[in-house]
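Let's take a friendly walk through a multi-chain model. Have the viewer ready as you read.

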Amino acid sequence: MQNVQFWGETLRLLVELAATAAFALAGIMEAARKRLDAVGVCVVGFLTAFGGGTLRDLLLDQRPFFWVRHVEMLWGVLALCVLAMLFLRHRHFDLTEKAIQWPDAMGLGLFTATGVHQALLLELPALVAVLMGLITGVFGGVLRDVVCNEIPTAFHDHRPYAVCAFAGGWVYVGLWQADAPGWLALIACVTVTAGLRGLALWRNWQLPAWRT
Amino acid sequence: MQNVQFWGETLRLLVELAATAAFALAGIMEAARKRLDAVGVCVVGFLTAFGGGTLRDLLLDQRPFFWVRHVEMLWGVLALCVLAMLFLRHRHFDLTEKAIQWPDAMGLGLFTATGVHQALLLELPALVAVLMGLITGVFGGVLRDVVCNEIPTAFHDHRPYAVCAFAGGWVYVGLWQADAPGWLALIACVTVTAGLRGLALWRNWQLPAWRT
Amino acid sequence: MQNVQFWGETLRLLVELAATAAFALAGIMEAARKRLDAVGVCVVGFLTAFGGGTLRDLLLDQRPFFWVRHVEMLWGVLALCVLAMLFLRHRHFDLTEKAIQWPDAMGLGLFTATGVHQALLLELPALVAVLMGLITGVFGGVLRDVVCNEIPTAFHDHRPYAVCAFAGGWVYVGLWQADAPGWLALIACVTVTAGLRGLALWRNWQLPAWRT
C-alpha cells in the first residue's frame with residue numbers, strides 16, 4: 001500500500017515537472033516569435049510557467065508561493081530558458097509544439113485540480129473554487145499573451161481550453177462533496193480535462209463565436 | 001424610520017445590480033467587437049464587472065472578495081454573458097451603449113464611494129482613499145482594455161470619466177471628515193460623480209491633452 | 001559618526017527622490033507619445049514610479065505600501081505630472097531622456113537593493129530575493145508599457161537593464177550573507193547596477209537575441 005502511495009506521489013511529481021516545462025516552453029517560443037531578447041525570453045518563460053499559480057495564491061492570500069517553497073523549480077525553468085536559447089531553433093517549433101501538447105493538457109488538468117483543492121480547503125463556494133482552478137491552469141498563458149502584446153489565445157482561438165478545465169473543475173468539486181478520496185478526485189479531474197482537450201483537438205471542436 | 005432605511009438599502013442594491021450589469025455589458029460588447037470566443041466573452045465580462053473592486057481588495061488586503069461573499073453575482077454575470085451571446089447582436093450595440101450610460105455613471109459613483117469608504121475605515125490618508133475609490137470605479141474598464149489589447153479608453157478618449165470619480169471621491173472624504181452621516185456622503189458622492197459625468201457627456205467636455 | 005549617518009540618510013533620500021522623479025518622467029513621456037489625455041498621463045506616471053515597488057509588496061504581502069507611508073510622494077508625482085503637462089514639450093523629450101539616464105540607473109540600483117533587502121528580512125531564498133529586487137526595479141516600466149499597449153522595452157530592446165539589476169542583486173545577497181554592514185551592501189549594489197548600466201550604454205552592449 002505504501003508502495004502504491006509512493007508511486008502515486010512520484011507520478012504526480014513527474015506530471016507536474018513535465019507540465020511546468022511544457023508551459024515554460026510555450027512561453028519561450030512565444031517570446032522567440034516576438035523577437036524578445038534574453039531577458040524577455042526568461043521573464044515570459046517564468047510568467048507562463050508560474051503566473052497562473054501565483055495569481056491564484058495572490059487572490060486566495062496564500063503565502064509562501066509554491067515557487068518559494070520549491071526554489072529548485074525556479075532554477076529549473078531558468079536552465080530551460082538558457083538551454084532553449086542555445087539549442088532550440090525556429091525550425092524546431094512545430095515539432096516542439098506537437099511534443100508539449102500532451103504534457104500541456106495534463107498540466108492543465110493537474111493545475112486546475114490544485115487550484116480547486118486549495119479553494120475548497122478554504123471553504124470557498126463551489127463556483128469560486130472552479131474559477132480558482134481555471135485561473136491556475138489558464139492565466140499563465142493569459143499573462144504571457146498580455147505581456148507579448150497579443151489578445152490572449154485562450155480567449156479567441158475558438159478551441160476549447162479553459163472550457164475543459166471548467167468541466168474538470170466541476171468533476172473535482174463533485175467528488176470532493178461526495179467525500180471521495182483525494183487521489184480519485186485528482187485523477188478524475190486530470191482525466192476529464194486532458195481527455196476533453198485531446199478530444200477537442202482531435203475532432204477539431206469549435207467554441208461558439210459571437211453571431212453578428 | 002426603519003422603512004426609510006429599508007428603502008434606502010433596496011435602492012442601493014438596485015443601483016449596484018444595474019451598475020454591475022452595465023459594466024459587464026460594456027465588457028461583453030468590447031469582447032464581441034474583438035471577435036473573442038465564448039470563453040473570452042465571459043472572462044472579459046467578469047473582468048470588467050469585478051476587476052476594479054478585486055484590485056482594490058488586493059491592494060487593501062481585504063478578504064473575502066465581495067464576489068465570494070455574494071456568489072449569486074457571479075452566477076448573474078455568467079447568465080448575462082450567455083444571454084448576451086444568444087440575443088445581443090452587433091446592430092443592438094449602439095442602443096445598448098446608450099441604455100447603459102446612466103447605470104454606468106451611477107455605478108461609477110457608487111463604486112467610488114465604496115472604495116473610498118473601505119480605505120477610510122482602514123484609516124488610510126485622504127489621497128490614498130480617493131485613489132482606492134478611483135481604482136474601484138475605473139480599473140475594471142482598464143483591465144478589460146488591457147486584455148483586449150487596446151490602450152485603456154479611460155486614458156485617451158479625452159472625455160472626463162476618472163476625473164468625475166476623483167471629484168466625487170473628495171466629496172465623500174470631505175463629508176466623512178465633517179462627520180456627516182454615511183448615507184449623505186454616499187448620495188453626495190454618487191450625485192456629484194454621475195452628475196459631472198452626465199454634464200461632461202452632454203456639454204461634450206474635453207480633458208486637456210498634451211500640447212506638442 | 002552621527003554626522004556621517006545623517007549625511008548618508010540624506011544622500012539616500014535624495015537619490016530616492018531623484019529616481020522616483022526619473023521613473024515618473026519616463027512614464028509621462030511615454031504617455032505623451034501615445035497621445036493619452038491628462039488622466040492617462042497621471043496614471044501612467046504613477047504606475048511607472050510606484051508600480052514595481054507595489055507589485056513587490058503585493059507578492060511579499062507587506063502593508064502598508066511605501067506610498068501610503070509617504071503620501072507626500074504621491075502628491076509630488078501628481079505635481080510633477082501637472083508641471084510636465086504645462087511646461088514639457090515634445091521637443092524637450094530627447095534632452096529629458098538624456099538627463100534622467102543617471103538618476104534612472106541609480107534608482108534601478110537603489111530600488112533593487114530595497115527589494116532584495118525586504119525579501120532577505122523575510123528569510124526568503126537568495127534567488128527569490130534577487131527576483132524581488134528585479135521586480136522592484138524593472139516592473140514599473142513593464143506595467144507602463146503594458147498599459148500603453150507596447151511590448152515592454154525591458155524585454156526587447158536588447159540593451160542590458162534587468163541584467164544589471166540581476167548582477168547588483170546578487171552582490172547585495174553576497175554581502176548580506178557575509179554579514180557586511182547594510183550601508184556597504186547598499187552602496188555596492190547601487191554602484192554595480194548603475195556602473196554596469198552606464199558601461200552597457202557607453203559601450204553599446206547588446207543582449208543575446210534568439211538565433212533563428
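The sections below cover the symmetry, an interface, a loop residue and a helix pair.

## About the model

This is a predicted model, in which local features need pLDDT of at least 70 and side-chain atom pairs count only at pLDDT 80 or more, while totals for chains, interfaces and linings use all residues. Residues are numbered from 1 along each chain as its sequence is written, and chains are lettered from A and ligands numbered from 1 in the order in which they are written.

## How the chains are related

Copies are superposed here by least squares on the C-alpha atoms of residues with pLDDT of at least 70 in both.

Chain B is also superposed on chain A by a rotation of 120°, with 0.0 Å of shift along the axis and an RMSD of 0.0 Å. In chain B, the C-alpha nearest the axis belongs to Asn149(B), at 3.7 Å.

## Where chain C meets chain A

Here 23 residues of chain C are in contact with 23 residues of chain A (contact: C-beta atoms, placed from the backbone, within 7 Å). On the chain C side, helices H6 (126–147), H7 (153–156) and H8 (162–177) each give two or more residues; helices are DSSP runs of H or I with at least four residues, numbered from the N terminus.

That side divides into 16 nonpolar, four polar and three charged residues (nonpolar: Ala, Val, Leu, Ile, Met, Phe, Trp, Tyr, Cys and Pro; charged: Asp, Glu, Lys and Arg; polar: the others, Gly among them). Only 13% of the interface residues of chain C are also interface residues in chain A, so the copies meet through different surfaces.

## A loop residue in chain B

Leu88(B) sits in the loop between helix H4 (71–87) and helix H5 (93–121) of chain B. Its C-alpha is 9.0 Å from that of Met29(B), though the two are 59 residues apart in sequence.

## Helices H5 and H8 of chain C

The axes of H5(C) (residues 93–121) and H8(C) come within 9 Å and cross at roughly 45°. The contact between H5(C) and H8(C) involves residues including Gly109(C) and Ala113(C) of H5(C), and Gly168(C) and Tyr172(C) of H8(C). Its residues divide into nine nonpolar, four polar and no charged.

Definitions and conventions: Two residues are in contact if their C-beta atoms, placed from the backbone, lie within 7 Å. Axes are lines fitted to C-alpha atoms, for helices over the stretch in contact, and angles run from 0 to 180 degrees between N-to-C directions.
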